[in-house]
Amino acid sequence: MTTTTRTPEARSVRRTQMDPLRRTALIVGVLFLITYITSITAKFGFYPPLADNPDYIVNGEQDSRVLWGALAEMLLIVANIGSAVALYPVVRRRFPAMSLSFVTARVMESVFIAVGVLSVLTIVTMRQDFAGVDNAALATVGDALTTLQEWTFILGPGFVVGIGNGLLLGYMMWRSGLVPRGLAALGLVGGPLIVLAGAAMMMGILEEGSGLQLLTAMPEFFWELLFGLYLIVKGFRPSPVTAELS
């Protein structure tokens with residue numbers, strides 16, 4: 001019976017080969033946490049003066065705070081697309097079509113977010129440039145732009161996220177074993193719930209911000225948070241996917 005002893009050089013080569021994969025997991029995890037932080041701080045930290053004041057374009061007084069929200073969402077766009085692009089090389093061999101679909105979903109989500117950012121910037125600019133010109137007309141325009149921004153949140157971080165981050169990413173992680181299946185199950189449950197909630201809000205059946213809507217968002221909420229934290233702390237689990245890359 002013979003035994004094989006790896007030389008220090010062989011072990012060093014092995015570590016070098018695995019380092020890029022661990023680094024990729026860290027990058028994806030950090031970017032997911034950035035999307036998590038920026039989206040929450042924008043909606044609940046910076047945008048309330050705009051969201052809670054239908055006449056903000058006429059009498060709003062917290063432009064700097066609202067603009068910080070727009071900047072946070074621009075960072076959100078960068079992290080959204082960056083996380084998908086960073087993950088793509090890891091899963092593309094096992095899931096060629098689905099991994100590309102995930103990147104596309106992230107891009108589409110970012111398009112909706114960008115439209116919302118443009119709406120916010122337009123409101124602030126018009127409030128500063130046309131204050132006192134025709135308050136009634138200005139209020140009508142402001143209300144339209146605020147409504148548009150609200151719908152971009154429902155359809156982007158709401159509906160599209162359920163397909164991309166929930167169903168597509170959750171399924172790839174479930175089948176590949178790159179993260180624990182119990183964790184991936186959160187995405188597979190949360191994705192359909194987000195999609196159904198978004199469709200229900202489109203049809204006027206469910207109100208945004210209601211208790212039921214927040215409840216349906218909880219599995220997706222924890223899926224994205226725990227997914228990012230897991231990749232930062234643990235990295236990808238050993239699986240046939242990682243074996244192909246090593």
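## Helices α6 and α8

The axes of α6 and α8 approach within 11 Å and cross at roughly 55 degrees; axes here are lines fitted to C-alpha atoms, for helices over the stretch in contact, with angles running from 0 to 180 degrees between N-to-C directions. The two helices are therefore oblique to each other, a class left over once angles under 35 degrees are called roughly parallel, over 145 roughly antiparallel and 65 to 115 roughly perpendicular. The crossing of α6 and α8 is left-handed, meaning that the near helix is turned anticlockwise from the far one by less than a right angle. Helices are DSSP runs (H or I, at least four residues), numbered from the N terminus.

The model is predicted, and local features need pLDDT of at least 70, side-chain atom pairs count only at pLDDT 80 or more, and totals for chains, interfaces and linings use all residues. Residues are numbered from 1 along each chain as its sequence is written, and side-chain values use heavy atoms, with hydrogens and water left out.

## Helices α5 and α6

The axes of α5 and α6 come within 8 Å and cross at roughly 165 degrees, and these helices are therefore roughly antiparallel to each other. Their crossing is left-handed. The residues of this contact comprise 22 nonpolar, 12 polar and 2 charged. In this classification Ala, Val, Leu, Ile, Met, Phe, Trp, Tyr, Cys and Pro are nonpolar, Asp, Glu, Lys and Arg are charged, and the others, Gly among them, are polar.

## The largest cavity

The whole structure contains 1 cavity of 30 Å³ or more. A cavity is a set of points, on a 1 Å grid over the protein atoms alone, where a 1.4 Å probe fits but cannot get out; a pocket is an open set with protein on both sides within 12 Å along at least five of seven lines, and lining residues have an atom within 4 Å of a point. Volume is the space filled by probe spheres set on the points, which are joined across faces, edges and corners.

The largest cavity holds about 40 Å³. Its lining consists of Glu73, Ile113, Gly116, Gln149, Thr152, Phe153 and Pro157. Two or more of these residues come from each of α5 and α6, and α6 gives the largest share, 4 residues. By class, the lining has 3 nonpolar, 3 polar and 1 charged residues.

## The largest pocket

The largest pocket has a volume of about 910 Å³. It is lined by 36 residues, of which Lys43, Phe44, Phe153, Pro157 and Gln213 are the closest to its centre. The elements that give two or more residues to this lining are α1 (8–46), α4 (63–91), α5 (96–129), α6 (135–176), α7 (181–202) and α8 (211–233). The pocket lining divides into 18 nonpolar, 10 polar and 8 charged residues.
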